[in-house]
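Dear colleague,

I am handing over the structure we spoke about, and I would be glad if you could look through it alongside the notes in this message.

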Amino acid sequence: MTLGIIGGTSLFDTKLLGDAREREVKTEYGTVYLLFTTVHSQEIVFLPRHGKDRNIPPHRINYKANMRAFKELGVDEIIGVTSAGSLKRAITLRSLVVPHDYVSLCSIPTYYDDKLVHVTPGLADDLRTRILGAARALSIKIIDQGVYFQTTGPRLETKAEINLIKDYADVVGMNMASEATLATELGLRYANISTVDNYAHGIVAEELEYKDIVETASKSQEKLEKVLLKVINSSNSTI
């Protein structure tokens, strides 16, 4: 079984990849840049969400091509790692959150543009359980439930928008709902780990800047990598 990992800001320069091999996979929706490696005898396909040069903004990410590439490669289990903003003061910076549900009121891509099909969105409970178990085995604090609210980038949210959504969700980001929904349409199991790298606009008084988000994300990377390695190791032992 091959595991797919999608990384963004939280996994810039990750040490997980080692001597990974680069490859471009062509799909009917576009070409996808991927990295292939083996960790603990487990084959890993890593997809850098923002591209090889880290220059693809959230609203330009080709989610349909990304998820189709996993499908065509035989990857049926995916962990999406996202950088998120906290909507609650109690969810502090550098927390790891494994959402159990999500909200997106913006336009989510679909493979069913010309066919009447309705899927029921959801996250893979078995994969979520393995992620949570890995963190606990390592004594790494992890928040085991949360609602992820997806907004449309590239801009961050206004204070008024955050004030509207903070009673309905726990973290806010720009990616997870699109990935999770497309994975469901393709019959793939998808779960998410969100690193809390900022407080959403207006939750605290400090000014919100992207450079600070990247800096905080880098401080969470070590424990995030430990959790992923534990999941990879446990997945390999069950094959």
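This is a predicted model: local features need pLDDT of at least 70, side-chain atom pairs count only at pLDDT 80 or more; totals for chains, interfaces and linings use all residues.

Residues are numbered from 1 along each chain as its sequence is written, and side-chain values use heavy atoms, with hydrogens and water left out.

Aromatic rings

A search of the whole structure returns 1 aromatic pair, where rings of Phe, Tyr and Trp (its six-membered ring) are taken to pair if their centres lie within 6.5 Å, with planes under 30 degrees apart counted as stacked, over 60 as edge-to-face and the rest as tilted. The pair is made by Y29 and Y111 and is tilted, with 5.3 Å from centre to centre and 55 degrees between the planes. Y29 belongs to the loop between strand 2 (21-27) and strand 3 (30-39), and Y111 to the loop between strand 7 (101-104) and helix 2 (125-137), so the pair ties together parts that are 82 residues apart in sequence. Helices (H or I, at least four residues) and strands (E, at least two) are DSSP runs, numbered from the N terminus. Y111 is buried, at a relative accessible area of 13%, whereas Y29 is partly exposed, at 26%; here buried means under 20% relative accessible area, exposed over 50%, and partly exposed in between (1.4 Å probe, protein chains only).

Y111 has a further contact, in that R68 lies over the face of its ring at 5.2 Å from the ring centre. The charged end of R54 likewise sits over the ring of F12, 4.5 Å from its centre. A charge is said to sit over a ring if NZ of Lys or CZ of Arg is within 6 Å of the ring centre and within 35 degrees of the ring normal.

Salt bridges

Side chains of opposite charge can pair when their charged atoms come close. The search of the whole structure finds 13 salt bridges, a salt bridge being a side-chain nitrogen of Lys or Arg within 4 Å of a carboxyl oxygen of Asp or Glu. One of them joins E22 to K52, with the closest N and O atoms 3.9 Å apart; E22 lies in strand 2 and K52 in the loop between strand 4 (42-48) and helix 1 (63-72), so this pair ties together parts that are 30 residues apart in sequence.

Another joins R189 to D126, with the closest N and O atoms 3.6 Å apart. R189 lies in strand 10 (residues 189-199) and D126 in helix 2, so the bridge ties together parts that are 63 residues apart in sequence. R189 is partly exposed at a relative accessible area of 27%, and D126 also counts as partly exposed, at 39%.

K226 and E222 meet in a salt bridge of 3.7 Å, N to O, and both lie in helix 5 (residues 210-237), 4 residues apart, about one turn of the helix. K226 is partly exposed at 42%, while E222 is exposed at 54%. Elsewhere, salt bridges that share partners join D76, E77, D126, R130 and R189 into one network.

Helix 2

The buried residues of helix 2 are L127, R128, I131, L132, A134 and A135. Seen down the axis, these residues fall within an arc of 155 degrees, so they line one face of the helix; the arc is that of the directions from the helix axis to the C-beta atoms. The face turned away from this buried side carries the exposed residues D125, T129 and A137.

Backbone angles

Most residues other than glycine have a negative phi, and most peptide bonds are trans. S139, in the loop between helix 2 and strand 8, has a positive phi near 60 degrees and counts as exposed at 69% relative accessibility. H40, in the loop between strand 3 and strand 4, has a positive phi near 50 degrees and counts as partly exposed at 43%. The peptide bond from G153 to P154 is cis, with omega near 10 degrees, and P154 is placed in the loop between strand 8 (147-150) and helix 3 (159-165).
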